[in-house]
Each structure stands twice: as structure tokens, then as C-alpha cells.
Amino acid sequence: MDPSNPESFNHNSITLSTGRKYHYVDQLPNDYTTEKHLTLLLVHGFPDLWYGWRYQIRPWVQAGHRIIAPDMLGYGQSDKPTAIADYTTKKLADDLAALLDAVGVSTVVAIGHDWGSVVVNRFTLWHPDRVIAVAHLSVAFFPRSTEYRSLESVVARNPVGWSYQLYFASEEANEEIGRNIPLFYKTVYHPASPMQGFGLPQNLRDLMNGKAEHKSDGVKSILNDQEMNYLLSQTGGSIQGQLNYYRTTKLRFEEEQAAPNLPFVYKESVPVLYLRGSNDATSPEQVVGVMRKALPWARIVTYEGAGHWLMVETKDEVTRDVLDWLTSFVGHKSKL
């Protein structure tokens with residue numbers, strides 16, 4: 001489990017009962033049994049892979065936890081359907097439940113970053129019997145809504161931090177970003193400032209169309225060349241599936257409206273952790289306030305000066321704080 005060597009992890013692929021093929025990493029602690037050990041389900045965000053958790057997997061396994069880290073639908077070696085309707089959070093949640101069924105795991109601690117945070121949010125609502133606890137990284141929990149809010153209206157609440165979502169949701173982004181994936185990744189995997197989304201400049205579309213020049217301002221990417229090359233090698237030359245997540249706003253609302261018994265928030269018995277960076281404009285104080293009101297028992301940790309890519313920028317702190325949180329409710333000491 002060497003973070004610099006993706007092949008040193010235990011890779012698997014399976015066609016789920018939902019009909020979709022998923023690639024996933026599955027790492028077992030010593031003397032593993034389902035009765036003795038927690039399973040941590042790690043769900044990455046955009047435009048990441050299972051590899052986003054490379055620094056956490058080994059220490060969390062050494063602490064006695066099983067790790068299941070899939071490439072989500074549209075990413076890496078998992079299926080990449082082009083239909084937007086395939087990417088609703090209910091369908092993704094059903095995929096995760098099917099993956100757990102396939103590997104013989106009944107319950108998990110669900111941990112998600114970015115879009116993965118949104119997915120574990122809804123996974124916990126759609127499949128509450130499968131989740132022991134939930135950790136959100138960078139993107140806060142938000143309850144289901146009784147009123148439809150378009151993506152445009154959501155972005156208007158935090159235009160500095162969320163305006164990039166409108167471009168990602170546009171049809172033109174498929175081709176414009178698709179022909180410039182190396183430049184796009186170089187731009188995305190960049191430390192954020194309080195005046196950017198997760199490191200994205202406001203002229204992103206001009207960059208993708210060659211109308212502006214990428215400027216790093218002397219700040220290095222959070223990825224080295226080897227890491228960047230691995231991520232690029234897994235795209236298959238297209239990120240349409242990844243962008244489809246941003247096009248599901250209305251579909252997600254409709255599927256939740258069609259389920260009147262779907263909870264609005266988690267049960268109070270579910271421990272919740274939220275880790276965020278103070279320089280991550282995708283996590284403004286207003287959404288932290290919404291989460292505090294909805295889940296007043298949640299543990300919230302802010303890393304001063306950190307941006308969006310917490311598992312890399314604050315890798316040791318994330319590793320430690322998740323283990324400390326797990327210790328608070330599992331009844332045994334997790335040790336690095």
C-alpha cells in the first residue's frame with residue numbers, strides 16, 4: 001500500500017446486481033473478520049479516483065479497518081455511461097449497496113469527499129441500515145428539500161465558490177474540457193484561495209478554449225508528475241461521465257420527491273464528522289451553519305489555510321482526525 005505506487009493496492013472489478021461494472025480497491029487488516037472490524041467505504045469526488053485516498057488507506061488499515069474505495073461511476077476503470085439519468089444519487093447509492101452486498105459487508109462507516117460527500121449523504125438517507133457513521137470532507141451535509149432549486153439558484157447563493165458548476169453542467173464542457181484534460185487537471189489540482197472554488201480560476205472556460213493562459217502564480221500543483229500521469233491514464237480520453245454529476249439537479253429532486261418516506265436528515269444515533277479547509281470557497285460559513293442546524297451533534301473541524309484537497313494538503317491531519325473520531329464511538333483505540 002505505497003501511495004507512490006497505485007499497483008501496490010489490492011484492485012478488483014465486479015459487475016454489480018445493478019448491472020454496472022465497478023472497479024474498487026479492497027484492503028483487509030490482519031486477521032480480518034466482519035464481526036471484529038469496521039469497514040470504511042471511501043467515496044471520492046470530482047475529478048478524482050479511489051487514488052484520492054492513497055495516503056489514508058494504509059494507516060487506516062493498520063489501525064484495524066477494512067477499506068473499500070471504488071472508482072465511482074464515470075471514473076477510472078468503472079463503467080462510464082453517457083446518459084445523465086445514470087448518475088443520480090439514488091442510483092449511485094444503490095450501486096454502493098450492491099457493491100457491499102457483493103463483498104459480503106452489511107454495514108460501513110461512509111466517508112466521502114467533494115461529490116463523494118454528496119453521494120454518502122444520500123446513501124445514508126436511501127440505505128440507513130447500511131451506515132454506522134458518516135464523514136464528510138470539504139462538502140457539507142445538506143438535507144433533502146421540499147422545493148426544487150435549480151443549479152442556477154444554488155450557485156447564486158455562493159457565486160465565487162460554486163460558479164464553476166454551471167460551466168461543468170453545460171453541454172459544451174464535454175468537448176471543451178475533453179480535449180484539454182491535462183490542462184484541466186493541472187488547473188483543478190491546485191491549492192485554493194478564499195476567492196476561488198477548489199482552485200479554479202473564474203476564466204476557466206477561456207482557458208479550455210485557448211483564450212487565456214494558465215498562470216500558476218508560482219504555486220505548485222498538489223500533485224507530482226507521477227500522480228498526475230496516473231490520474232490522466234485513467235480517464236479514457238473523456239470526462240463526460242464525471243461532468244454528468246453536475247447535470248442531475250432536477251433528476252435528484254424528482255427521485256426524492258417520489259419517495260415521501262425518505263428521511264430529511266440522519267438519525268441522531270449516527271455519528272457525523274465534517275472536515276473542511278478555511279480556504280475552500282466551496283465550503284462557506286453559510287453551509288456550515290445549515291449543517292449545524294440540521295445535525296447539531298456533528299463534529300466539525302476546520303483546517304486553517306487548507307483548500308479543497310484535504311486528503312493531500314492535510315493528509316496527516318485527516319488520517320489522525322478520522323481515527324480519533326472512530327475511536328469516539330467504536331469502543332476500542334485506533335492506533336497509527
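Student: Which residues line the second largest cavity?
Tutor: This is a predicted model, to start with. The lining of the second largest cavity consists of Val43, His44, Gly45, Met72, Tyr75, Trp115, Gly116, Val119 and Tyr245.

Student: Which element gives the most to that lining?
Tutor: Helix α3 does, with three residues.

Student: And by class, how do the residues of that lining divide?
Tutor: Six are nonpolar and three are polar.

Student: What volume does the second largest cavity have?
Tutor: About 30 Å³.

Student: How many cavities of 30 Å³ or more are there?
Tutor: The count comes to two. The largest cavity holds about 60 Å³ of space.

Student: What lines the largest cavity?
Tutor: Asp48, Gly52, Arg54, Tyr189, Ile222, Leu223, Trp309, Met311 and Val312. By class, that makes six nonpolar, one polar and two charged residues.

Student: Which of them are the closest to its centre?
Tutor: Phe142, Val154, Arg157, Trp162 and Arg252.

Student: Which elements give two or more residues to the lining of the largest pocket?
Tutor: There are helices α3 (115-126), α4 (151-155) and α6 (164-169), plus α12 (249-257) and α13 (285-294). The largest share comes from α12, with four residues.

Student: How do the lining residues of the largest pocket divide by class?
Tutor: 16 are nonpolar, four are polar and eight are charged.

Student: Switching to the sheet. What is the strand order?
Tutor: The order is β1-β2-β4-β3-β5-β6-β7-β8. The sheet is open, has eight strands, and its pairing is mixed.

Student: Which are the edge strands?
Tutor: β1 (11-15) and β8 (299-303). Each of them pairs on one side only.

Student: What does the twist average from one strand to the next?
Tutor: 20°.

Student: Remind me, how do strands of a sheet pair?
Tutor: Through backbone hydrogen bonds, and the strands may be parallel or antiparallel.

Student: So which sense is it for β1 and β2, parallel or antiparallel?
Tutor: Antiparallel. Five bridges link β1 and strand β2, residues 21-27. Serine 13 faces histidine 23 of β2 across that pairing.

Student: What do β1 and β2 form, and how many residues lie between them?
Tutor: A hairpin, with five residues between the two strands. Look at glycine 19 in the turn: its phi is positive, about 95°.

Student: And β5 with β6, parallel or antiparallel?
Tutor: Those two run parallel. Six bridges join β5 (residues 108-113) to β6 (residues 131-137).

Student: Which residue in β6 stands opposite alanine 110?
Tutor: Valine 134.

Student: Last topic, helix packing. At what angle do α8 and α10 pack?
Tutor: About 130°, with the axes 11 Å apart. Helix α8 covers residues 181-188, and helix α10 covers residues 225-233.

Note on methods. Residues are numbered from 1 along each chain as its sequence is written. This is a predicted model: local features need pLDDT of at least 70, side-chain atom pairs count only at pLDDT 80 or more; totals for chains, interfaces and linings use all residues. Side-chain values use heavy atoms; hydrogens and water are left out. Two strands pair if DSSP finds at least two bridges between them. Axes are lines fitted to C-alpha atoms, for helices over the stretch in contact, and angles run from 0 to 180 degrees between N-to-C directions. On a 1 Å grid over the protein atoms alone, a cavity is a set of points where a 1.4 Å probe fits but cannot get out, and a pocket is an open set with protein on both sides within 12 Å along at least five of seven lines; lining residues have an atom within 4 Å of a point. Ala, Val, Leu, Ile, Met, Phe, Trp, Tyr, Cys and Pro count as nonpolar, Asp, Glu, Lys and Arg as charged, and the others, Gly among them, as polar. Grid points are joined across faces, edges and corners, and a volume is the space filled by probe spheres set on the points.
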